[in-house]
Structures are given as structure tokens and as C-alpha cells.
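Please keep the sequence at hand while reading.

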Amino acid sequence: MPGGLATHPLKVLHRAGVPCCLAADDPAFFGSTTAHGLLNEYIVARSILGMSDGELAQLARNSIVYSCATDEVKGGMLAGVEAWLKEEE
């Protein structure tokens with residue numbers, strides 16, 4: 001991508017109200033040797049794209065809300081996002 005990751009449109013799309021989430025390769029399917037792919041995506045979103053805690057939390061919420069998890073599982077995961085966000089205040 002010209003300009004590198006700093007020009008990725010994630011932040012622009014997110015701020016325009018497009019429901020976005022972060023994802024990483026499935027290590028079982030794609031052969032990744034680490035399980036840190038998703039963590040790295042959040043590091044890039046914060047350090048290179050300059051996204052705030054609130055924006056990162058919304059990306060996480062989106063990934064939960066738009067998942068195929070049960071409502072019970074989604075509720076627990078969303079509560080975890082809110083707990084993390086509160087800790088960061």
C-alpha cells in the first residue's frame with residue numbers, strides 16, 4: 001500500500017460510522033506460528049493509525065456483535081470490553 005499502514009482507511013471508515021473490526025489469520029488454517037496476530041492488529045491501530053481506547057473498544061464490540069456467537073457469549077464478551085475500557089480511564 002503506498003504510504004504504508006499509516007494510510008490504511010480503517011480510521012476514516014470507522015469515524016464515518018462504518019462498522020469495522022480487526023481480524024488476523026486463523027493459525028490453524030493459515031499456518032501462523034504465533035497466536036499474536038490479532039494483538040498486533042490492535043497495536044497497529046493504536047500506534048500507527050492513532051486510534052483511541054474508545055475507538056479500539058468499538059472495533060472489539062463490532063467483532064462481537066457481528067459474530068455468530070450466542071447472545072449469552074456476546075453479553076459476556078461485551079462486558080469484558082466495557083471492563084477493559086473502564087480500567088483505562
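Predicted model: local features only at pLDDT ≥ 70, side-chain atom pairs only at ≥ 80, totals over all residues.

## Nonpolar core

The largest nonpolar core is made of 14 residues. Within this core, L10, L22, Y42, M51, L56 and L59 have the most contacts. Helices α3 (37-47), α4 (53-65) and α5 (71-88) each contribute at least two residues to this core, and α4 gives the most, with five.

L56, beyond its neighbours within four places in sequence, touches Y42, A45, R46 and M51.

## H14

H14 sits in helix α1, which spans residues 10-15. Its relative accessible area is 13%, and because this is under 20%, H14 counts as buried. With neighbours within four places in sequence set aside, the contacts of H14 are C20, M51, E55, Q58 and L59.

## Largest pocket

The largest pocket holds about 210 Å³ of space. Its lining consists of L22, L38, Y42, L56, A57, A60, S63, I64, M77, V81 and W84. Two or more lining residues come from each of α3, α4 and α5; α4 gives the most, five residues.

By type, the lining of the largest pocket has ten nonpolar residues, one polar and no charged.

## Second largest pocket

A volume of about 170 Å³ belongs to the second largest pocket. The residues lining the second largest pocket are L5, H8, L10, C21, L22, E41, V44, A45 and L49. Helix α3 provides the largest share of this lining, three residues. Seven residues of the lining are nonpolar, one is polar and one is charged.

Note on methods
Residues numbered from 1 in each chain as written. Heavy atoms only, no water. Helix = DSSP H or I, 4+ residues; strand = E, 2+ residues; numbered from the N terminus. Buried < 20%, exposed > 50% of the residue type's maximum accessible area, 1.4 Å probe, protein only. Contact = heavy atoms within 4.5 Å. Core = buried A, V, L, I, M, F, W, Y, C linked by side-chain atoms within 4.5 Å. 1 Å grid on protein atoms, 1.4 Å probe; cavity = no way out; pocket = protein on both sides within 12 Å on 5 of 7 lines; lining within 4 Å. Points joined across faces, edges and corners; volume = space filled by probe spheres on them. Nonpolar A, V, L, I, M, F, W, Y, C, P; charged D, E, K, R; others polar.
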